Amino acid sequence: MRLRVLAAAAGLLVSVPISGCVNGEKREDMNMQEAADRADGILDAVLKVIEPEVQWAHGPTTTGSCDVTRRRAVMTIVSAGRRGSFLGVVDRFWRKSGYRIKAINNDLDVPAIFAQTQDGFGVTLSIGGKGQAFFEVDSPCVKESEVAESTTPPNGPAYEDVYPLPRPNVHSDFWSAGTP
């Protein structure tokens, strides 16, 4: 079983996958490109419910032998005082969407929510250093295929070929405020 490592500015958070190939089971109704498209839809949906809007950029897309991971990094600064609200908005949306919450990390340095969609996609929100939020969607094991980069344009700078992405650098009167 593969392990996934999420780099957070405050340290490293190691987690067990919440999707992917388990017991050799493979979904034959979807290929890796279709899974990547589904992951983009999941990410689009959650980012649309966050009010006020946050600026985000694509993180790297990675593929395994039968799975794909899409990532997005929030470039808006989410202050320590607003992280609970940010996590709450996402948690409520995922529950309303029928996602199963698998774990919540309440550590104030690197809070995170781990969930799973009804069709087996693992979804994660983690908050790293400087209040940068990271969304990640892991597909279940699907048929192998080529995977193109996401066609969803970011709502700010694209940071093409920049890795790691810069720290959050967009101020929001709401999300960056110091008070809860």
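Hi everyone, let me open with Lys130, which is exposed because its relative accessible area is 61%. Here, exposed means over 50% relative accessible area, buried means under 20%, and partly exposed is in between, using a 1.4 Å probe and protein chains only. Lys130 also has a positive phi of about 60°, although it is not a glycine. You will find Lys130 in the loop between β9 (122-127) and β10.

A quick word on the ground rules. This is a predicted model, where local features need pLDDT of at least 70, side-chain atom pairs count only at pLDDT 80 or more, and totals for chains, interfaces and linings use all residues. Residues are numbered from 1 along each chain as its sequence is written, and side-chain values use heavy atoms, with hydrogens and water left out.

Now the overall picture. The protein has two helices and eleven strands. Both kinds of element are DSSP runs numbered from the N terminus: helices are H or I with at least four residues, strands are E with at least two. Along the sequence the pattern reads β-β-β-α-β-β-β-α-β-β-β-β-β. Of the 180 residues, 47% are buried. Among contacts with a separation of 6 or more, 67% come from residues 24 or more positions apart; a contact here means heavy atoms within 4.5 Å.

Let's go to helix α1, residues 32-49. Its 18 residues should span 26 Å at 1.5 Å a residue, and the end C-alpha atoms are 26 Å apart, so the two agree. The expected span is 1.5 Å times one less than the number of residues. Which residues of α1 are buried? They are Met32, Ala35, Ala36, Ala39, Asp40, Ile42, Leu43, Val46 and Leu47. These residues cover an arc of only 160° around the axis, which puts them on the same side of α1. That arc is taken from the directions from the helix axis to the C-beta atoms. At the start of α1, a side-chain oxygen of Asn31 comes within 2.9 Å of the backbone nitrogen of Gln33. I'm counting that as a polar contact: a pair of N or O atoms within 3.5 Å, where within protein one must be able to donate a hydrogen and the other to accept it, and residues adjacent in sequence count only if both atoms are side-chain atoms.

Gln33 brings us to Glu149. The two are 116 residues apart in sequence and 9.4 Å apart in space, C-alpha to C-alpha. Glu149 is in the segment after β11, and it is exposed, with a relative accessible area of 56%. Setting aside neighbours within four places in sequence, Glu149 is in contact with Thr61 and Arg70.

Next, the disulfide. The structure holds one, and the cut-off is a pair of cysteine sulfur atoms within 2.5 Å. Cys66 is joined to Cys141, S to S 2.1 Å. Cys66 is in the loop between β5 (62-63) and β6 (68-74), and Cys141 is in the loop between β10 (133-138) and β11, so the pair ties together parts that are 75 residues apart in sequence. The S-S torsion is about -125°, so the disulfide is left-handed. Both cysteines are buried.

On to the rings. How many aromatic pairs does a search of the whole structure find? It finds four. Rings of Phe, Tyr and Trp (its six-membered ring) pair if their centres lie within 6.5 Å; planes under 30 degrees apart are stacked, over 60 edge-to-face, and the rest tilted. Phe86 and Trp175 are edge-to-face, 5.2 Å centre to centre with 85° between the planes. That pair links distant parts of the chain, with Phe86 in helix α2 (residues 83-96) and Trp175 in the segment after β11, 89 residues apart. Phe174 and Trp175 are also edge-to-face, at 4.7 Å and 85°. Trp175 counts as buried at 1% relative accessibility, while Phe174 is partly exposed at 33%. Ring pairs link Phe86, Phe135, Phe174 and Trp175 into a cluster.

Ser172 is buried, with a relative accessible area of 10%. Beyond its neighbours within four places in sequence, Ser172 is in contact with Pro52, Thr76 and Ala177.

And Pro52 is worth a stop, friends. The peptide bond from Glu51 to Pro52 is cis, with omega near -10°. A cis bond also joins Tyr163 and Pro164, with omega about 0°.
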